[in-house]
2 protein chains.
Amino acid sequence: MTQKRCMAYLGPEGTYSEEVARFLAKDEWRLQGFPSIEDAMWAVAQGEADCCVVPFENSWEGSVNVTLDLLVHELDLFIQQDVRWPIRHDLWVAQACEKPNSILSHPQALAQCRAFLGRRYPQAARIPVVSTAEAARRVASGDGDAAIGSSLLGELYGLKLLERGIQDDEGNCTRFVLLVKEPVSCRGESVQTSLICRIDGEKPGRLYELLAEFAKREVNLTRIESRPARTKMGEYVFLMDVDGDAAQPKIAEAIKAVQGRCVWMKNLGSYSVHYEANQ
Amino acid sequence: MTQKRCMAYLGPEGTYSEEVARFLAKDEWRLQGFPSIEDAMWAVAQGEADCCVVPFENSWEGSVNVTLDLLVHELDLFIQQDVRWPIRHDLWVAQACEKPNSILSHPQALAQCRAFLGRRYPQAARIPVVSTAEAARRVASGDGDAAIGSSLLGELYGLKLLERGIQDDEGNCTRFVLLVKEPVSCRGESVQTSLICRIDGEKPGRLYELLAEFAKREVNLTRIESRPARTKMGEYVFLMDVDGDAAQPKIAEAIKAVQGRCVWMKNLGSYSVHYEANQ
């Protein structure tokens with residue numbers, strides 16, 4: 001029997017990244033949680049893992065900056081698969097507790113349930129902690145009344161479900177990416193291509209010229225995101241998602257033209273996008 | 001003697017926001033710390049404070065999403081002043097301790113000192129906590145060896161300086177904004193105008209058309225940042241910073257033309273920008 005290949009994910013156990021890794025891996029991969037996005041991505045870069053699942057963008061909070069910045073500044077990884085995963089936050093308690101006095105979670109999870117908490121538990125203290133797993137661990141050990149997190153997490157820590165699906169935005173969805181060491185060139189329906197471009201910050205209007213290369217070929221940009229170039233304040237790199245695969249002539253031409261206008265460009269690959277339905 | 005007007009800031013005591021608030025307030029304002037950016041901004045919206053100082057963008061980490069999202073989605077506040085403040089992280093310990101086994105801080109501060117920590121303290125555990133103030137509080141109470149934070153913070157908690165200026169990026173700088181309830185129309189040198197635009201996400205190429213309105217009038221865009229529109233995944237609002245004041249005819253014309261192309265537009269005002277020198 002051959003050893004299973006390793007899929008890293010943002011741990012600890014019970015995170016949404018683990019839910020997605022389980023979905024992708026089925027029984028064919030060995031899963032391994034890492035304590036940070038950085039650790040999971042470095043594990044792939046250094047060959048300790050074959051691929052990793054990390055969050056990339058949330059419909060409510062926007063880009064996951066750590067993931068994007070590592071792809072821009074440090075690691076030569078590529079996207080193999082994109083999974084849009086519905087995020088359902090549940091409220092978990094250690095014992096039968098109808099009126100929690102404290103509710104713990106990651107600041108983003110607290111923010112995503114703000115209207116609900118204000119309506120249902122106006123008196124409870126909101127306590128921001130470093131992860132949803134840390135919130136569950138503390139509640140399980142008696143240090144706090146309730147934790148917000150995934151159902152996987154609540155079960156893992158033996159907590160009791162107080163309320164299900166408490167996020168304010170019904171459509172709350174996170175985009176996870178499966179990252180690998182070699183570029184991927186997928187084709188077909190529901191394929192997307194991602195580019196990272198750094199343009200000369202001294203020359204205004206450069207972003208406009210870049211977008212013109214897509215617009216005049218009728219190539220559809222589905223996302224444009226700026227991040228600091230880390231050179232000086234006011235210089236940026238841009239992440240652009242293009243609808244379609246880079247083997248299509250008009251997309252290949254646009255990419256070539258864009259490359260000529262950039263100080264630096266990286267093609268993160270053409271990969272398929274999976275939309276998981278709400279449960 | 002009249003009562004001093006109130007300037008809110010992102011607390012607790014010892015934050016970089018307090019440093020900037022002290023700089024702006026001199027002796028003419030009463031300063032009040034709030035536990036979150038949201039609380040500080042709501043205090044102004046509800047009239048409990050006259051203005052507030054909150055972080056808006058970091059040269060390394062990019063946008064402060066909470067601030068931007070509140071301006072986009074919730075609060076009708078405007079920018080009165082922009083301050084670019086150099087960020088210096090110091091390493092603080094409770095007692096004479098040359099080899100800390102644990103180093104606590106906010107995840108962003110840890111990230112901003114990563115190369116330094118790897119070089120000087122490779123064995124020390126990095127412990128992410130919810131704020132730099134929480135790190136200092138824990139170290140002062142004996143729960144952890146060292147904390148990363150500002151000099152104001154170290155002094156406030158009676159800690160001892162182990163190393164000064166440990167951030168990897170010498171040019172690390174945060175842009176703070178002073179927010180008020182009424183729009184401001186500053187003129188002159190070193191003035192900037194900020195706009196928030198929501199365009200029709202169904203129609204690709206709309207961002208390109210928007211940028212054309214600036215480019216054809218030779219109006220310099222110094223920043224463009226996308227944030228989720230919070231309608232559905234793939235729809236964004238854009239924050240744009242324009243070099244100059246909105247009383248200049250070419251800028252006034254561009255803004256008018258852009259407004260005609262947007263589903264929704266908000267002018268955050270024309271305000272002066274102050275660059276604080278490195279200390």
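**Exercise 1. Describe how α8(A) packs against α9(A) in this predicted model.**

Solution. 
Step 1: find the helices. α8 covers residues 206-215, and α9 of chain A covers residues 249-261.
Step 2: take the geometry. The axes of α8(A) and α9(A) lie 8 Å apart, at an angle of about 165°.
Step 3: classify the angle. Angles over 145 degrees count as roughly antiparallel. α8(A) is therefore roughly antiparallel to α9(A).
Step 4: α8(A) and α9(A) cross in a right-handed sense.
Step 5: list the residues. α8(A) contributes R206(A), E209(A), L210(A), E213(A) and F214(A), while α9(A) contributes A254(A), A257(A), V258(A) and R261(A).
Step 6: sort them by class. The contact of α8(A) with α9(A) has 5 nonpolar and 4 charged residues, and no polar ones.

**Exercise 2. Now describe how α8(A) packs against α8(B).**

Solution. 
Step 1: take the geometry. The two helices pack at an angle of about 140°, and their axes are 9 Å apart.
Step 2: classify the angle. Roughly antiparallel requires an angle over 145 degrees. The pair α8(A) and α8(B) is therefore oblique.
Step 3: The crossing of α8(A) and α8(B) is left-handed.
Step 4: list the residues. On α8(A) they are L207(A), Y208(A), L211(A), A212(A) and A215(A). They meet L207(B), Y208(B), L211(B), A212(B) and A215(B) on α8(B).
Step 5: sort them by class. The contact of α8(A) with α8(B) has 10 nonpolar residues, with no polar and no charged ones.

**Exercise 3. Which rotation and shift superpose chain B on chain A?**

Solution. 
Step 1: Chain B is superposed on chain A by a rotation of 180°, with 0.0 Å of shift along the axis; the RMSD is 0.0 Å.
Step 2: name the relation. This is the relation of a two-fold axis.
Step 3: compare the contact surfaces. Both copies use the same surface, as 100% of the contact residues of chain B recur in chain A.

Definitions and conventions
Residues are numbered from 1 along each chain as its sequence is written. Chains are lettered from A and ligands numbered from 1 in the order in which they are written. This is a predicted model: local features need pLDDT of at least 70, side-chain atom pairs count only at pLDDT 80 or more; totals for chains, interfaces and linings use all residues. Copies are superposed by least squares on the C-alpha atoms of residues with pLDDT of at least 70 in both. Two residues are in contact if their C-beta atoms, placed from the backbone, lie within 7 Å. Axes are lines fitted to C-alpha atoms, for helices over the stretch in contact, and angles run from 0 to 180 degrees between N-to-C directions. Helices (H or I, at least four residues) and strands (E, at least two) are DSSP runs, numbered from the N terminus. Angles under 35 degrees count as roughly parallel, over 145 as roughly antiparallel, 65 to 115 as roughly perpendicular and the rest as oblique. A crossing is left-handed if the near helix is turned anticlockwise from the far one by less than a right angle, and right-handed if clockwise. Ala, Val, Leu, Ile, Met, Phe, Trp, Tyr, Cys and Pro count as nonpolar, Asp, Glu, Lys and Arg as charged, and the others, Gly among them, as polar.
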